[in-house]
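Me: I'm new to this structure and would like a close look at one part of it. Could you walk me through how the aromatic rings pair up?

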Amino acid sequence: MRFWSGLGAVVGCLVLGSFASAVTITQDGTSIDMDFVTIGDAGNDPDDATGYGAVDYTYQIGTYEVTAAQYTAFLNAVASTDTYNLYNTNMASNFYGCKIQRSGSSGSYSYSVSDEYANRPVNYVSWYDAARFTNWLTSGDTESGVYLFDQGVFQGKADNAKSQGATYWIPTEDEWYKAAYWNGDTFQEYATKAGESLAQGDGSSGTGWNYDVSGVGHAMNPPGTWDVGSGSIELNDTYDMMGDVSEWVEDPYRDDSVTRVLRGGAYFNHSDYLASTKRGAADPPDSGWSIGFRVASNSVAAVPEPGSLIIWACGGLGAVVLRRRRR
């Protein structure tokens with residue numbers, strides 16, 4: 001199940017600036033390099049127009065969406081049997097899939113991705129897949145960390161997990177929203193830097209965003225996602241928080257809902273879906289060719305470098321989701 005809703009306009013909040021850093025995360029001999037930006041201005045007010053974006057602590061968020069290469073390394077580390085269906089065959093078989101290939105048989109599965117797709121965002125990942133990925137980054141175990149699973153069944157979020165040392169997680173909606181739209185003084189409608197238009201990029205010029213102006217379907221060659229970071233740098237030195245793939249966030253769509261929020265819009269969405277006033281949602285087992293995620297953190301082992309500090313408000317999603325059973 002999936003759906004979208006619109007919210008209102010935009011107004012005030014705060015952030016001092018962002019700092020870029022890189023870290024190599026190693027679990028059981030498998031290393032994954034990830035880049036993060038630090039989001040400051042702890043204690044800012046929420047966006048008056050939407051109620052989102054208040055965060056009372058400094059944190060980090062991925063500069064880029066999790067890539068097919070990073071997810072392939074994860075699969076090779078934990079999914080030789082793939083008990084929890086972390087691999088979706090649509091990754092390879094669907095025209096818009098991220099082209100992660102699986103070979104071998106259960107107990108000796110191995111995974112690979114071509115150079116052409118390695119730096120594109122992973123797609124066909126469920127919320128549970130994202131939770132297990134961040135668990136593994138934190139603890140080396142897919143079933144424990146911030147998110148607790150018992151015999152493959154999600155049990156909920158660990159109490160005070162972040163304060164007790166869990167270092168990686170799916171961003172909360174407030175964390176994601178602030179990183180996307182906060183400019184150090186107020187929330188803005190789009191994540192463009194000051195004076196920059198919401199241009200459609202082509203994946204090669206380092207400008208614009210991967211979204212569809214016509215609303216019919218993005219005319220890239222090949223169509224679909226592009227390499228992370230191919231377009232314009234955003235307010236807090238992130239990339240692709242608008243367009244490319246819609247991104248899971250941690251929170252349920254509403255308090256009484258099992259659905260989880262999606263933010264940021266995808267490559268086939270028009271500009272309305274890139275705005276702060278739009279939210280999407282899908283059930284945790286759902287996945288699709290337009291759904292990916294990025295990682296949040298509170299402990300990046302790198303020397304921060306000054307970054308920029310602008311942010312505007314945006315959010316919006318159009319994600320085709322595919323329900324798949326998990327064992």
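Reply: Let's begin with what a ring pair is: rings of Phe, Tyr and Trp (its six-membered ring) pair if their centres lie within 6.5 Å, and planes under 30 degrees apart count as stacked, over 60 as edge-to-face and the rest as tilted. By that rule, Tyr52, Trp176, Tyr177, Tyr181, Trp182 and Phe187 are linked by ring pairs into a cluster. This is a predicted model, where local features need pLDDT of at least 70, side-chain atom pairs count only at pLDDT 80 or more, and totals for chains, interfaces and linings use all residues. Residues are numbered from 1 along each chain as its sequence is written, and side-chain values use heavy atoms, with hydrogens and water left out.

The structure holds 27 aromatic pairs. Take Tyr96 and Tyr267: their ring centres are 6.0 Å apart and their planes sit at 25 degrees, so this pair is stacked. Tyr96 is in the loop between α2 (90–93) and β5 (100–103), while Tyr267 is in the loop between β11 (260–263) and β12 (278–282), so the pair ties together parts 171 residues apart in sequence. (Helices, H or I with at least four residues, and strands, E with at least two, are DSSP runs numbered from the N terminus.)

How open are these two? Tyr96 is partly exposed at 31% relative accessible area, whereas Tyr267 is buried at 3%. Here buried means under 20% relative accessible area, exposed over 50%, and partly exposed in between (1.4 Å probe, protein chains only).

Rings also meet charges: Arg120 lies over the face of Tyr117, 4.1 Å from the ring centre, and Arg279 lies over that of Tyr253, at 4.5 Å. That takes CZ of Arg (or NZ of Lys) within 6 Å of the ring centre and within 35 degrees of the ring normal.
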